[in-house]
Amino acid sequence: MIEERFDAIVIGAGMAGNAAAHTMAARGLKVLQLERGEYPGSKNVQGAILYADMLEKIIPNFREDAPLERHLIEQRFWMMSDRSHTGMQHRSDDFNEEKPNRYTIIRSQFDRWFSKQVQGQGAVVICETTVTELVRNSDGKVIGVRTDRDGDVIFADVVVLAEGVTGLLGTRAGLRATPKPDHVALAVKEMHFLPQETIEARFNLRGDEGVVIEAVGSISKGMTGMGFIYTNKESLSLGIGCLVSDFAEKGETPYGLLEAFKKHPSVAPLIAGSEVKEYAAHLIPEGGYKAIPDLFGDGWVVVGDAAQLNNAIHREGSNLAMTSGRLAGQAIFQVKSRRDPMTKANLALYKKMIDDSFVMKDLKKYKDMPGLLHTNSKNFFLTYPELVSKAMDNFLRVDGAPKIEKENASIRSFIKQRSLLGLFGDALKLARAWR
Ligand code: FAD
């Protein structure tokens, strides 16, 4: 039984929880962090790209011993039809810098390392403990938590909910609604192991250089979603995800999409001969700005995926999780330093800090994108990729037909499928939602 009283209790030892716990413990607050998994990271799933800047703001020298896989020098974006992909890619030797900006990581290893840094700052971290309830006083202020360990209440001035996308505790406590099926994606991921030299030869890499491939198109069968392939040192992380509402509506299965993605002629040669050692499924919050619940209240704040802070357009989540965790920790420290109570009015500082950061600015910028992509998924994820593929095939085939005829045929195929008004409308809607 834990009889002490804490300055803060953090629920969850993922990216957001670790960032919050580290920030507060490093400033001398008495922090208890509770994680239901066997060890931090045992339950967590990510592609996974780590964004260095956001971790550097918490642990400046993390590169010295963090378990990093490869630093990214190339991004490939594929628009796929059943038998082709049309790509855009950016590769730059400038990304081979002293302090690279993005790395691939394996979350089970990384979260364990991150948690050790949290413990190094003096936080008490207890795993295999599920928080079952937020405990409130008669005024409704959250004053502690109850766990599945012995049912006793552990008290704290403030509780940080970093429980991830499902957010069951927050929902049960009435702090947020259950995420809607069109606000969450279900993604499945496999780890394909290959010798290091094979990965480097197949992806044109040297040393610790890495590549990311992100793919949209017929692989999601007209649903809002995407596939990905990330290079680790001796493995490839490969996965695909779509909105839960789309799976329900179309009757497709995530596993079925993954199998088809792996068999695609552009993907199969990259994973040929690999040994699959891990399979995982996880939700991703994709509702964007409009799905964000209240972020603070009397005695509590919510951070990371539990707060729906995820930028699906740029496939960024862990960086928003780390940033919201850090800002929540800093806000709590400031309130505590002034000896003020952890009331809703005082914790509003966290909201102000997050509003001023890239997190809210980016999510606000794309506030209409999730709705637009969802309601037009067939066009954006199936019709256009097919049309682009056919146009490229036709354009590149040298068969004696004059180029002007080829161009006109491609234009006609776009108009036939979408009509002039439809094409113009799609472009306008996309441009508006992008701004
Ligand atoms: P989580 O990492 O989910 O951590 C929540 C923690 O809380 C877990 O450890 C859980 O066990 C614990 N917990 C939950 N309930 C309780 C409870 N009641 N009591 C105690 N503990 C509890 N983001 C990127 O930035 N880059 C990527 O490449 C990327 N790729 C992704 C690929 C996939 C397939 C998926 C699913 C996500 C990806 N993301 C990516 C998103 C990223 O993983 C999340 O945004 C990030 O993990 C959120 O961190 P978090 O701490 O909020 O939640």
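A: The dialogue below treats the ligand site and then the domains of this predicted model.

Q: Which residues around the ligand are the closest?
A: One begins with the shell of residues around the ligand. Here 38 residues surround the ligand, and the closest are Glu35, Ile49, Arg107, Asp305 and Ser318.

Q: What is the make-up of the shell around the ligand: how many residues are nonpolar, polar or charged?
A: The shell divides into 18 nonpolar, 13 polar and seven charged residues.

Q: Which polar atoms of the protein lie 2.8 Å from an oxygen atom of the ligand?
A: An N or O atom in the side chain of Asp305 lies 2.8 Å from a ligand oxygen, and a polar backbone atom of Ile49 is also 2.8 Å from an oxygen atom of the ligand. The protein buries 95% of the 1000 Å² that the ligand exposes when taken alone.

Q: Which element gives the most residues to the shell around the ligand?
A: Strand β15 gives the most, with three residues. By domain, the shell draws at least three residues from each of domain 1 (5-69 + 95-181 + 289-367) and domain 2 (187-285).

Q: How is the size of an interface often given?
A: It is often given as the accessible area lost when the parts come together. Between domain 1 and domain 3, the buried area is about 380 Å², with carbon and sulfur atoms giving 57%. On the domain 1 side, Ile313, Lys365 and Tyr366 lose the most area to domain 3, together 84% of what that side buries. Four residues of domain 1 contact four residues of domain 3.

Key:
Residues numbered from 1 in each chain as written. Predicted model: local features only at pLDDT ≥ 70, side-chain atom pairs only at ≥ 80, totals over all residues. Heavy atoms only, no water. Near = heavy atom within 4 Å. Polar contact = N/O pair within 3.5 Å; in protein donor to acceptor, adjacent residues only side chain to side chain. Areas by Shrake-Rupley, 256 points an atom, 1.4 Å probe, with all protein chains shown as cover. Helix = DSSP H or I, 4+ residues; strand = E, 2+ residues; numbered from the N terminus. Nonpolar A, V, L, I, M, F, W, Y, C, P; charged D, E, K, R; others polar. Domains from an automatic or database assignment. Contact = heavy atoms within 4.5 Å. Buried area = accessible area lost by both parts, 1.4 Å probe.
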